[in-house]
Amino acid sequence: MNAQEAISTGYGGAAKLNYLTNGTTLKSWLLTKDHKRIAIMYLVTVSAFFLMGGLYAATIRLELLTPASDLVESGTYNKVFTQHGILMIFFFLIPSIPAILGNFLIPIMIGAKDLALPRVNLISLYIYWLGGGLTLFALMQGGVDTGWTFYAPYSTTFSNSFVMLVGLGIFINGFSSILTGLNFIVTIHTMRAPGMTWFRLPLFVWAHYAVSLVMVLGTPVVAITILLLAIERVGHVGIFDPTIGGDPILFQHLFWFYSHPAVYIMILPGMGVISELISNFSRKKIFGYEFIAFSSIAIAVFGFLVWGHHMFVSGQSIYAGMVFSFLTMVVAVPSAIKMFNWTATMYKGSISYDTPMLYAIGFMGLFLIGGLTGLFLGAIGLTVHLTDTYFVVAHFHYVMVGGQVIAYLGGIHYWWPKMTGKMYSEFWGKISAMLVFVGFNLTFFPQFILGYQGMPRRYASYPEEFQVLNIFSTAGASVLGIGLLMPAVYLMHSLFFGKAAGDNPYMHPGLEWRTSSPPPTENFEVMPVVTWEAYEFGEESGMDLEAAKQREAVTA
Amino acid sequence: MSSHYSDKFVYHEPGLQHQFDDMGQQEESVSIGMWFFLVQEIMFFGGLFTAYLVFRSKYPMAFAAGSNHLDAFWGGLNTLVLIVSSLTMALTVYYAQKGNRNMQVILIVLTMIFGATFLGVKAIEYTDKYNHGLIPVAGLNKKVKAEAGAEHSAAEKPCWEVDHNAPPVEHPNPHGEFIWTDCSLAKMALDENILTASEKNQYLVRDENNKPVIDANKFRDKVRIFFFLYFVMTGLHALHMIVGLGLMTWLLWSAFKYKYNGDYYMPVEMSGLYWHFVDIVWIFLFPLLYLLGRHFIHGG
Amino acid sequence: MSIVKYLLVFGLLVFGTIATYVAATVDMDRFFVGANTLVALFIAFTKMTFVMLFFMHVYWSKRLIWLAAVASFFWLAIMFAYTMQDYLTRGSGVFSS
């Protein structure tokens, strides 16, 4: 056979084609059914939205350097923080890990050729582009100033901004989320390789199963809420209008019914990544596998019972407030179980401080602070003092950025060699991880103090006594920004100049490391039959420390 | 360009997608996928049912009044039409499994006819609302010019003396607004002291003698909430029905081409699931919207 | 399932529709407030159950499908119950006079 045939037939010789080289036309990418290509396209779009949301964040922090509202006026500032929230939450955080790492890794981790419904996956991507495009168009027309929470009656009656268009963009985007979740649920149920039982699944997969349940059950409710908002806005009559007997708090109930579980969409995948990172970089079987698996499901379920803790001072009844407050304390328990299990995993493990592990350790500290401050906010007495202050802002940035974004970065770095076949520079990786950690704390820790001292959120101007801490916060934001931009540089650099990664540069036992980097289109040369447990680092598996030391891991 | 891992010819059943090992896995996946899609559809409608629950428990008399002005005949007919279409749909799946193409085609056509009938009846109902000023959005109702001299007689009668069982009167409506003049049920509830606290708060004003009396405009606003929910819920349902008809068109074309038999009938089954779901939503909408206040007017 | 059984289920559904209409005209609220609504919902749930079990073939489906069907109603119940617990306890008491 000639060279061309040798390349295209896989059996009888090493497959030369991987998913990146198997088809190089634009059409083969845009019409692909390959989950890995879809993941890469999500990566590009999600990164673009992250950048845009970050630019809005920079504007916020620059404005808050001075007490007066001098960089932007209040009306514009309302649009800036609204759009920062919308882009970051709906178009960056919610898709991030599931659409990129989940899409790429779940079929490989369970030993399947693709997701169960590849065309649904592609439609999901198109819908994401459509929703994102519409929202961006609306932002360029003038944007929205209602806050990402779109509270009635401002959004229905009084706001003069492009509520309908942005609402439509978010509505459409919601279906992308629903279809991704649906796909994962089906795939995890039906596409597991022979021998891959539920309790041999990596915890990354369990976390994504839990997240998918939340996506499927919760997102439709925000969709109908936005629809009702739009009808009320167009028809000038509706159920959220108190002048005709409607109730604006009903909007909040329906909105937060989704948006609280949404924050679990914005942390559970991160926790899945962290389970992988902690266990693998401690070269130790994860402690309490079943507990972590079931706690993911518990968070998904209990997360639907606590939405009223966003509404303590809205006019909701005190009794309902008490119930939601109690349940908020309960929902913290599964997360705490995970933290204990991760810590116990690291104990007496052989920890290697590669970049992904630095991110994972950073997650542990930052999520701890974020989670605990969430409990402060859930306590119905204290929350009255802290509502709508910077304490809340600091809390959710600690869990969303310190949690999910850090986990996202850790995951991107960890699986970068698998996705691209290249090793990035560990040196620059470690530097940027530390810059992110330091910059993040410098940005958001002062905001806790600002919050309990009384600085309100969503204000462009503030009393002068708050300026010093705001300056610290903005300084930290600069460091954080640099730390977040650096990976873009060195990861891109690695694509062209990085060392080739082998199949398993870290010597980790996961199924994704038993295929080539980058993987072939159908993921495995020979579909695997699983006979080992998850996270097996024993001698029989060849993944113990001695074996790892003897084989030279390729690092840059 | 897919990579082949074997030189041996591998038999692929027609309709088997490349990511699956066998038809059983494909059928199972498609079934779970469709069911979870229906789960999210249930939650989608669920938000509307929540809103309905909140406002019905707050303003039961306004909801009863509005509901009584819906024509239960058309609503009931639509319910029966949908049930028949569910039967024909279930039988379509039955015949698809048997590979009987002619019966499949006949039954899909019947299902579509019944579906279209449902939409036709909805059009009749909506037109009726348009004619009587019952669309909650101002300007979307039929504009009826006021006749000279006729304005006063309509305004003088207090709203609680309107005969609840009388056929609707055409009121002058120059701007196409929402018109509601009948608060007799609220008066009855006020007299029998069965108004809820929210209702007392929202329907009543004090007259010159400081007695609580029903304010026609405030009552009308609550009835308007009922009609808002009526139109949104039935409208969203009708939209799903239209999508269902589109699905049926595609199914009809494929079934006509002999595509479905005992080995491959999942698309028919999945379309059936969607159709039955739309039927189930209507099974709940009918009593909740059309029948909630009948016992007030028919007595014991 | 045979055609006869499908027709039987159909008959039951038609009967349920007629029953719900008739029951709505009888004032059962004198027994307790909300009796009419309860009867209407009971009939609707029964009709839905028959459609789901027999027309949608849930009766012959895997347990996961049963779980999906039941769980979605459980989630609806969460949404209804926790929203109503706010409205019912606002001090003005929705059902009280």
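B:Phe118 is buried, at 0% relative accessible area; buried means under 20%, exposed over 50%, partly exposed in between, with a 1.4 Å probe and protein chains only. Its ring partner, next.

The rings of B:Phe118 and B:Trp282 form an edge-to-face pair, because their centres are 5.0 Å apart and their planes stand at 90 degrees. The rule: rings of Phe, Tyr and Trp (its six-membered ring) pair if their centres lie within 6.5 Å; planes under 30 degrees apart are stacked, over 60 edge-to-face, the rest tilted. B:Trp282 is also buried, at 0% relative accessibility.

A word on the model. This is a predicted model: local features need pLDDT of at least 70, side-chain atom pairs count only at pLDDT 80 or more, and totals for chains, interfaces and linings use all residues. Residues are numbered from 1 along each chain as its sequence is written, chains are lettered from A and ligands numbered from 1 in the order in which they are written, and side-chain values use heavy atoms, without hydrogens and water.

Now the wider count. Over all chains, the search finds 79 aromatic pairs. One of them joins B:Tyr52 and B:Phe63, edge-to-face because the centres are 5.7 Å apart and the planes at 65 degrees. B:Tyr52 sits in helix 1 (residues 23-58) of chain B, B:Phe63 in helix 2 (residues 60-68) of chain B, 11 residues apart. Helices are DSSP runs of H or I, at least four residues, numbered from the N terminus. B:Tyr52 is buried at 5% relative accessibility. B:Phe63 is buried at 0%.

Next, charges over rings. The charged end of A:Arg37 lies over the ring of A:Trp29, 4.3 Å from its centre. To qualify, NZ of Lys or CZ of Arg must be within 6 Å of the ring centre and within 35 degrees of the ring normal. In chain B, B:Arg101 has its charged end over the ring of B:Phe256, 4.4 Å from the centre.

Last, chains B and C. Which residues make the salt bridge? B:Glu28 and C:Lys62, through their side chains, at 2.3 Å from N to O. On the chain B side, helix 1 gives the largest share, 18 residues. In total, 52 residues of chain B contact 50 of chain C, with heavy atoms within 4.5 Å.

Methods:
Helix = DSSP H or I, 4+ residues; strand = E, 2+ residues; numbered from the N terminus. Salt bridge = Lys/Arg side-chain N within 4 Å of Asp/Glu carboxyl O.
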